[in-house]
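Here is my note on the model you asked me to look over.

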Amino acid sequence: MPEGDTVWRTCHRLDQVFRGEALQRAELRWGRLIDSDLAGMTTLEVVPRGKHILHRLEGGLTLHSHLKMEGSWRIQDAADRVPTVDTVRAVLGTSRWTALGHRLGALHLVRTDEEDSLVGHLGPDILGADWDLGRALANLRGGALGSIHDLIGASLLDQRNLAGIGTMWASEGLWVERINPWRPVAELSDADLTRLLERIKRLMTRACERLPAESYVHARSGHPCRRCGQTIRVALAGPVARERTLFSCPQCQGGLAPTDDGRPQAPLSSGQPRSRTGYRRQRGR
Ligand SMILES: [Zn+2]
């Protein structure tokens with residue numbers, strides 16, 4: 001699933017293409033949005049908010065999209081043919097470029113002053129200009145949302161606590177800082193949490209420029225830990241029916257997940273090609 005850094009890069013590219021340009025073409029192949037008429041409107045900016053993409057237009061409208069599991073916005077030359085496949089759910093174009101929204105997970109058109117109806121539930125954006133470490137810590141501590149039973153891995157993934165982190169950067173940051181993903185947040189000190197969040201922020205900020213070719217621990221179950229050689233394991237984190245997979249080293253990170261019986265795990269996706277991000281595709285979420 002695309003995480004905050006992927007969305008950041010996507011928005012940066014869309015902003016370069018559309019900012020200050022009038023839409024020559026705008027087709028939203030999405031329910032009632034098919035009737036919307038955005039052609040002629042000028043783009044003010046395209047900005048990320050957590051994993052959400054906000055394409056703001058003159059006249060006070062925002063086209064909101066979310067990439068969910070495997071969505072993407074791809075840019076091509078305006079002269080190139082738009083593929084006639086039903087995975088393309090939105091086509092936006094300037095005189096020079098066309099952006100194709102492939103396999104989008106969500107698409108909305110709202111008034112810009114009502115964006116909060118879509119993104120107002122999000123905690124502080126770890127890559128945002130308004131990142132607020134104190135508020136993120138308070139949210140993780142459960143001041144507003146959580147409970148003393150909250151585990152750090154799942155809490156990092158809950159976008160209401162803080163926005164932008166997905167399974168990859170949660171696994172990577174927890175491994176670097178040697179924190180067990182299934183440890184209760186309540187057992188971690190403010191210093192631990194600060195160190196963890198600052199680490200993840202640094203990893204993601206660096207990935208905004210260039211995604212590293214190899215992961216530390218993400219999608220490496222069945223392979224030796226890059227630090228200690230112990231076999232990396234994968235287990236589920238998060239609420240029932242919304243579990244996500246996290247990867248960790250039982251040696252470096254202090255033990256197995258509560259649901260992990262310790263049986264051998266085959267290397268993930270062995271034999272499958274690498275995804276375009278350079279990471280092997282992971283199963284599930
Ligand atoms: Zn290790």
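1. A nonpolar core is here a set of buried Ala, Val, Leu, Ile, Met, Phe, Trp, Tyr and Cys residues joined through C-beta atoms within 7 Å. A residue counts as buried if 20 or more other C-beta atoms lie within 10 Å of its own, as exposed if 12 or fewer do, and as partly exposed in between, with C-beta atoms placed from the backbone. The model is a predicted one, in which local features need pLDDT of at least 70, side-chain atom pairs count only at pLDDT 80 or more, and totals for chains, interfaces and linings use all residues. Residues are numbered from 1 along each chain as its sequence is written.

2. The largest nonpolar core has 57 residues, and those with the most contacts inside it are Ile126, Ile165, Ala170 and Ile200. Helix H6 (residues 190-209) contributes the most to this core, with six residues; helices (H or I, at least four residues) and strands (E, at least two) are DSSP runs, numbered from the N terminus. Domain 1 (4-119) and domain 2 (133-248) both supply residues to the core, so it lies between them. These domain bounds come from an automatic or database domain assignment.

3. As for how the two domains meet, their C-alpha centres lie 30 Å apart, and the contact takes seven residues from domain 1 and seven residues from domain 2. Two residues are in contact if their C-beta atoms, placed from the backbone, lie within 7 Å. On the side of domain 1 that touches domain 2, the largest share, four residues, comes from H1.

4. The axes of H1 and H6 come within 9 Å and cross at roughly 35°, where axes are lines fitted to C-alpha atoms, for helices over the stretch in contact, and angles run from 0 to 180 degrees between N-to-C directions.

5. Which part of the structure encloses helix H5 (residues 167-176)? Nine of its ten residues are buried, so H5 is largely enclosed by the rest of the structure, and the cover over those buried residues includes helix H4 (152-157), H6 and strand E10 (244-248). Among the buried residues of H5 are Trp169, Glu172 and Trp175. Ala170, leaving out residues up to four places away in sequence, touches Gly153, Leu156, Leu157, Ile165 and Leu246. H5 is followed by Arg178, whose phi is positive, near 55°.

6. An open sheet of four strands has the order E2-E3-E4-E8, with antiparallel pairing; two strands pair if DSSP finds at least two bridges between them. Strand E2 (43-49) and E8 stand at the edges, each with a single partner strand, so one side of each is left without a neighbour in the sheet. From one strand to the next the twist averages 20°.

7. Within that sheet, strand E3 (residues 52-57) and strand E4 (residues 61-66) pair over six bridges, with His52 opposite His66 and Arg56 opposite Thr62. Three residues separate these two strands in their hairpin, where Gly59 takes a positive phi near 95°. E4 also pairs over six bridges with strand E8 (residues 106-111), and there Ser65 stands opposite Leu107.

8. Five bridges join strand E9 (residues 233-237) to E10 in the antiparallel sense, and Val234 has Phe247 as its bridge partner. E10 is mostly covered, with four of its five residues buried.

9. Leaving aside neighbours within four places in sequence, Arg74 is in contact with Leu100 and His102. Arg74 and Val91 are 17 residues apart in sequence and 9.8 Å apart in space, C-alpha to C-alpha.
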